[in-house]
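Colleague: Hi, I'm new to this one. Could you walk me through it?
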Amino acid sequence: QVQLVESGGGLVQAGGSLRLSCAASGRTFRNYAMGWFRRAPGKEREFVATINWSSSSISYADSVKGRFVISSDNAKNTVYLQMNSLKPEDTAVYYCNVRGGGMDYWGQGTQVTVSS
C-alpha cells in the first residue's frame, strides 16, 4: 500500500504564495508519476500538475501555468507544489496523487483558501 500525506495548505491573501508537500511512504515503484489535483466547492476534481519519476515529463493545467511549479525530491519520496500569485479561484482542496503499478493512490487532501 502507498500512503500519501499532504501538508502546507492554509489561508493566504490573493497574490500570496503557498508550498504544498506530499510525502509518500509504503511500497515504491520503478516507474511512477506524481501529481496534484484539486476540487473546488461545487466543482469536479480537476488536474493541476504532474511530474514523472525522472522529472523528464512535467505538465500543468492552463489555469496554473506560469504561477505554479511542481517538483520532486526522490530521495525523500516527496513532491511539492509551489503556488505563486494565488487567486481566489485557486481555493480548493488539493489532493496528491501517485500513479504506479497500474494503480492510482490518493492523499487525504489539504485545504487551500485564498482570500480576496
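Predicted model: local features only at pLDDT ≥ 70, side-chain atom pairs only at ≥ 80, totals over all residues.

Colleague: Thanks! Which residues touch the most other members of the largest nonpolar core?
Modeller: Those are W36, V48, F68, V79, L81, M83 and Y94, in a core of 29 residues. A nonpolar core is a set of buried Ala, Val, Leu, Ile, Met, Phe, Trp, Tyr and Cys residues joined through side-chain atoms within 4.5 Å; buried means under 20% relative accessible area, exposed over 50%, and partly exposed in between, with a 1.4 Å probe and protein chains only.

Colleague: And which strand gives the most to this core?
Modeller: Strand 9, with 4 residues. Strands here are DSSP runs of E, at least two residues long, numbered from the N terminus.

Colleague: What is F68 in contact with, leaving aside its neighbours within four places in sequence?
Modeller: Its partners include V48, L81, M83 and Y94, along with R38 and D90. Contact means heavy atoms within 4.5 Å.

Colleague: Switching to T110: is it buried or exposed?
Modeller: T110 counts as buried because its relative accessibility is 10%. The residue is in strand 11, residues 110–115.

Colleague: What does the side chain of T110 reach?
Modeller: The backbone nitrogen of G9, at 3.4 Å. Beyond its neighbours within four places in sequence, T110 is also in contact with E6, L20, A92, V93 and Y94.

Colleague: How about K65, where is that?
Modeller: K65 is in the loop between strand 6 (58–60) and strand 7 (68–73). Its side chain makes a polar contact with the side chain of D62, at 3.3 Å. A polar contact is a pair of N or O atoms within 3.5 Å; within protein, one must be able to donate a hydrogen and the other to accept it, and residues adjacent in sequence count only if both atoms are side-chain atoms.

Colleague: Last one: which element gives the largest share of the lining of the largest pocket?
Modeller: Strand 3, with 3 residues.

How values were computed: Residues numbered from 1 in each chain as written. Heavy atoms only, no water.
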